[in-house]
Amino acid sequence: MTDACVACQGTWPRPDHFIADLGLSKVYLHDDQFFPGWTIVVFQRHATELFQLAPTERFQLIEEVSRVAKTVAEIYQAQKINYELLGNQLPHIHWHIIPRLAGDPAPLKPVWCVPHSPLLLTGTALHEAINRLGHLLRMAR
Ligand SMILES: [Zn+2]
């Protein structure tokens with residue numbers, strides 16, 4: 001853990017967007033649901049590069065990321081899943097799992113290049129999205 005890391009501090013992603021603990025990673029619903037089903041998978045300890053992980057850890061992490069992607073794809077009927085492991089702004093290993101759906105406003109572009117107003121879910125809509133993903137992720141074990 002590093003004091004400067006918001007993922008280690010537990011302040012990002014938002015704790016009230018927590019979906020599931022998969023073992024090596026925790027899953028959260030991204031704040032901005034303009035792209036419905038945008039999910040974040042956060043490695044549970046501080047590491048910044050995949051090559052820093054032991055091979056068994058790396059294998060399990062990829063399995064967990066794949067499990068999240070499959071679940072998101074099923075729920076949101078994705079045409080393609082985008083996997084983003086960038087770390088420029090937050091080096092702590094975290095994946096953005098972004099389903100790209102029929103009717104996507106810019107299907108050939110990464111989501112970061114699509115100008116839009118963030119869509120924030122609240123109340124029942126937020127809880128339903130979290131519960132649906134959490135339920136299927138637990139069943140997929
Ligand atoms: Zn960290």
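Predicted model: local features only at pLDDT ≥ 70, side-chain atom pairs only at ≥ 80, totals over all residues.
Reader: What makes the pair Phe18 and Tyr28 edge-to-face?

Author: Their ring centres are 5.7 Å apart, and rings pair if their centres lie within 6.5 Å. Phe18 belongs to strand S1 and Tyr28 to strand S2, 10 residues apart.

Reader: Why is Tyr28 called buried?

Author: Tyr28 has 13% relative accessibility, and buried means under 20%, so Tyr28 counts as buried. Phe18 has 33%, which falls between the cut-offs of 20% and 50%, so Phe18 is called partly exposed.

Reader: How do you know that Glu64 has no salt bridge?

Author: Good one to check! The nearest side chain of opposite charge, Arg67, is 5.9 Å away, while a salt bridge needs a nitrogen within 4 Å of a carboxyl oxygen; therefore none is assigned to Glu64, although this residue is buried. Glu64 lies in helix H2 and, leaving aside neighbours within four places in sequence, is in contact with Leu22, Gly23, Leu24 and Ser25.

Reader: What makes the charged end of Arg132 sit over the ring of Tyr76?

Author: That charged end is 5.5 Å from the ring centre, and the distance cut-off is 6 Å.

Reader: Which residues touch the most other members of the largest nonpolar core?

Author: Those are Ile19, Val68 and Ile97, in a core of 27 residues. Helix H2 gives the largest share, 7 residues.

Note on methods
Residues numbered from 1 in each chain as written. Heavy atoms only, no water. Core = buried A, V, L, I, M, F, W, Y, C linked by side-chain atoms within 4.5 Å. Buried < 20%, exposed > 50% of the residue type's maximum accessible area, 1.4 Å probe, protein only. Helix = DSSP H or I, 4+ residues; strand = E, 2+ residues; numbered from the N terminus. Lys, Arg positive; Asp, Glu negative; His and termini not counted. Contact = heavy atoms within 4.5 Å. Phe/Tyr/Trp six-rings, centres within 6.5 Å; stacked < 30°, edge-to-face > 60°. Lys NZ or Arg CZ within 6 Å of the ring centre and 35° of its normal.
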